[in-house]
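Here is a short report on how one predicted model is packed. Sequence and structure come first.

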Amino acid sequence: MRLLFLLTRQIRMLILGKALSRQGVRGRDLAAAVGFPPFPSLIEKFQGQIARFPEAAGRGAYGKLLSADRSMKSGGRPGAVLERLVLDLRVLAPADLRSLAPSRGRS
């Protein structure tokens, strides 16, 4: 559950950060708005993550995180739920990394 919480929190911060960034919010104001630590080096890294974050995929990813949460809470095996989630979230990885992942349906 802890890992699922951390993944969900990160995606939520990236979605919110992307929206605020489009509105011109930067630096400490951005960090405060999303609940991120106000350390300059971390803010810089987070802004870089926001810039690379595929917004369209983020909404789908958030839905998959919520689905995984429901599955775990309704008796799903945590390891299996997280494994499925990681495969589903690979859409957020750069294309060159996705090509290394095994395709679904192959044995």
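## Nonpolar core

The largest nonpolar core of this predicted model has 21 residues. L4, V34, F36, F46, L65 and L85 touch the most other members. Five helices each supply at least two residues of this core: α1 (2-22), α2 (27-34), α3 (40-52), α4 (55-73) and α5 (78-89). The largest share, 5 residues, comes from α1.

In soluble globular proteins, nonpolar side chains tend to be buried together.

G27, L30, A31 and V34 are the buried residues of α2. They lie on the same side of the helix, because they cover an arc of only 100° around its axis. The other side of α2 has R28, D29 and A32, which are exposed.

The buried residues of α2 pack against α1 and α3. Just after α2 comes G35, with a positive phi of about 80°.

## F36 and its aromatic partner

Leaving out residues up to four places away in sequence, F36 touches M13, A31, L42, I43 and F46. Both F36 and F46 are buried.

The count of aromatic pairs comes to 1. F36 and F46 form a stacked pair, at 4.5 Å centre to centre and with 15° between the planes. F36 lies in the loop between α2 and α3, and F46 in helix α3, so the pair ties together parts that are 10 residues apart in sequence.

Notes
Residues numbered from 1 in each chain as written. Predicted model: local features only at pLDDT ≥ 70, side-chain atom pairs only at ≥ 80, totals over all residues. Heavy atoms only, no water. Core = buried A, V, L, I, M, F, W, Y, C linked by side-chain atoms within 4.5 Å. Buried < 20%, exposed > 50% of the residue type's maximum accessible area, 1.4 Å probe, protein only. Helix = DSSP H or I, 4+ residues; strand = E, 2+ residues; numbered from the N terminus. Contact = heavy atoms within 4.5 Å. Arc of directions from axis to C-beta. Phe/Tyr/Trp six-rings, centres within 6.5 Å; stacked < 30°, edge-to-face > 60°.
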